[in-house]
Amino acid sequence: MFDRWKRPVLIKGALGIVTWTELTFLLMFIALLCWSIYSYLHAMFAPIRQEAAAEGLWEVKLSSLGLTLGLVGNICLAFIFFPVTRGSSVLQLVGLTSESSIKYHMWLGHMAMTLFTLHGLCFITFWTETKQLSKMLKWDDLLVSNVAGEIALTAGLVMWATSFTCIRRKMFELFFYTHYLYIVFVVFYVFHVGFSSACTILPGFYLFAIDRFLRLLQSQQKVCLVSARVLPCRAVELNFSKSPGLKYNPTSSMFINIPSISKLQWHPFSVTSSSKLEPDRISVMIKGDGHWTNKLHQKLSSTSPRTTHLKASIEGPYGPASPDFMRHDTLVMVSGGSGITPFISIIREILSQSNTKTVKTPKLLLICAFKHCVDLTILDLILPVPESANAAPLDFSCAELRIEAFVTRDKEMKPEDESSSQIQTLWFRQNGTDSPVAAALGSNSWIWLGAIISGSFVIYLVLIGLATQYYIYPIDGNTNMRFSTPAKAALNILSICVAVVVTATVGFLWNNRRSSSQTTPVLNRAIPAPTTTSPATLLSGGDSESAEEVESQPRNAIRQATTVHLGKRPNMNRILLEVEGESVGVLASGPKKMRQRVANYCQSSIADNLHFHSISFAW
């Protein structure tokens, strides 16, 4: 019954892929906004009809409408920070991640800015009609500061203008850096309405402030990049050392910064590793589709197999609280291009669990579409880099895996593909100052997060209490003057910032020291024999005796499970109709249009056993 609520109901359009549950809550939230507007206007218009003069009635009503729109906009602002609180978002409690809930942040942002823009236009029109345009330059120390509201609205409009899809996709860096204007927006918003009225957004912003500072502390550490695999399809896999206490689930993602390429740019990538299969490693695959990713590929392609140290910083990983897909009997994973990356982590996770033989694992069907034959080498990343030459191979007989690979633009294997399609493995020298990737607050992150929230709030109350007793009250209580409202707001903001910085720093340093004492240093080790793979071996299906003599058993198992279709596109109707199982999980990852096509089939299908999941992570 509940699974039907997770089915997509809206697929194409500005809202993206929307399930019945999401649509229901969206309509309920819009109904709340409409009811709030009606309630505020009803309460404000009643005294106007009795007291306002006839000639000024519509102007007074316009002012009341503007105030109402601003008050209702505060409701949207109260929720807008929760979806972008990556590490401590309460959305994880209901099975959501910050990546999948970004669309909620976008919905709330559009609604909030629409209401705030109309709020500003109403008052500008009111001041124009009543010959009071000078009020636009009014900075009131006791009541509402109009200038502060105008500055906040301007900052919000700049963020809003650069967030539309047509601008965000073409000029992402412009969108990214202008979004830092949220600091200006929040500060002057508080100055505009006063700290007491701004308390409606305090819970969400408080969590966001703690999470943002913890991410800042984590990003300052340099991590150990152990090895990298350079693929001929302009893709690389980076393997980092991680603390054994860091646990994450498949389909997680993390942000990576490489100072030698850009000191400012952070890019999100889906994790390809499994914390159960690789307790000391975490890896990501990066496809060279942009300026930053192409420079990374060129940098790694030009290095020797035993290259020098490469500095990197990481935020994350961030992912779901539990792997929901494990409950299905059969798992169908549909990917386009580098959208296969989250599915690699799922396959590794299930391979790890199937080798333990302690839990029942679902059958796996991977449907992947690539443009060229050389892209087939991505399938070799299903197997992790062995930690040593004597590492025990994975037993593929315990997992039921079938791979249907479609090459859409090449109808036959070209000779240059066979000669130049080899994977190069690079090993990096380790630096004693580097640290393994670890959770910002250790394994008990939720306990520490609760301690930071409660501890910082106590410190804030103490600081603002001292400021009130010795700085604010002597003016308000003992003189005929009133303490400035914006100044009070500034003191509250400063107290919150100090409290968050102190408690978060203590929690981070304590867990970092504890994690370092429990982690074995990564030493420079002997280089395993390099591995090379050509797409032609996948086309042979593992039947070549010479290939079997050279390659390992797990690699041959992957080839035997893979069927390559040249010059074809996947027929989703035929493939999904042939899938058996009482509960079939359909996961789609890749370009938006591809995910929409898969969701459209699941929506129109009469089969009740199909459960669609859209993975909109970095791809």
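This is a predicted model: local features need pLDDT of at least 70, side-chain atom pairs count only at pLDDT 80 or more; totals for chains, interfaces and linings use all residues.
Visitor: What percentage of the residues of the protein chain count as buried, and how many helices and strands does the chain have?

Guide: Buried means under 20% relative accessible area, exposed means over 50%, and partly exposed lies in between (1.4 Å probe, protein chains only). Of the 619 residues of the protein chain, 52% count as buried. Helices (H or I, at least four residues) and strands (E, at least two) are DSSP runs numbered from the N terminus, and the protein chain has 20 helices and 16 strands.

Visitor: Which residues make the nonpolar surface patch, and which gather in the patch of positive charge?

Guide: Patches are made of residues with over 30% relative accessible area and no salt bridge, where like charges are joined within 9 Å and nonpolar side chains (Val, Leu, Ile, Met, Phe, Trp, Tyr) within 5 Å. Leu118, Leu121, Ile124 and Leu133 make a nonpolar surface patch of about 320 Å²; of these, isoleucine 124 is found in helix H4 (residues 102-129) and is partly exposed, with a relative accessible area of 34%.

For charge, Lys and Arg count as positive and Asp and Glu as negative, His and the chain ends not being counted, and the place of a charge is taken as NZ of Lys, CZ of Arg, CG of Asp or CD of Glu. The surface patch of positive charge gathers Lys12, Lys371, Arg409, Arg569, Lys593 and Arg597. One of them, lysine 593, belongs to helix H20 (residues 592-604) and is exposed, at a relative accessible area of 64%.

Visitor: Which residues are linked in a network of salt bridges?

Guide: Side chains of opposite charge can pair when their charged atoms come close. A salt bridge here is a side-chain nitrogen of Lys or Arg within 4 Å of a carboxyl oxygen of Asp or Glu, and by this rule the count comes to 9 salt bridges. Arg86, Asp211, Arg215 and Glu315 are linked in a network of them.

Arginine 215 is buried, with a relative accessible area of 6%, and glutamate 315 is buried with a relative accessible area of 6%.

Visitor: Where do lysine 276 and glutamate 349 lie in the chain, and is lysine 276 buried or exposed?

Guide: Their side chains meet in a salt bridge of 3.5 Å, N to O. The pair links distant parts of the chain, 73 residues apart, with lysine 276 in the loop between strand E6 (267-270) and strand E7 (281-287) and glutamate 349 in helix H12 (residues 341-356). Lysine 276 counts as exposed at 51% relative accessibility, whereas glutamate 349 is buried, with a relative accessible area of 1%.

Visitor: Which residues are in contact with serine 283, leaving aside its neighbours within four places in sequence?

Guide: Contact means heavy atoms within 4.5 Å. Among contacts in the protein chain between residues at least 6 apart in sequence, 78% join residues at least 24 apart. Serine 283, which is found in strand E7, counts as buried at 0% relative accessibility. Leaving aside neighbours within four places in sequence, serine 283 is in contact with Glu237, Leu238, Asn239, Ser270, Val271, Thr272, Ser273, Glu278 and Arg348.

Visitor: Where is glutamine 265 found?

Guide: Glutamine 265 is found in the loop between strand E5 (253-257) and E6, and counts as buried at 15% relative accessibility. Glutamine 265 and tryptophan 292 are 27 residues apart in sequence and 8.4 Å apart in space, C-alpha to C-alpha. Trp292 is also in contact with glutamine 265, as are Glu173, Tyr177, Ile256 and Asn257, when neighbours within four places in sequence are left aside.

Technical notes. Residues are numbered from 1 along each chain as its sequence is written. Side-chain values use heavy atoms; hydrogens and water are left out. Accessible areas come from the Shrake-Rupley method with a 1.4 Å probe; for residues, only the protein chains shown count as cover.
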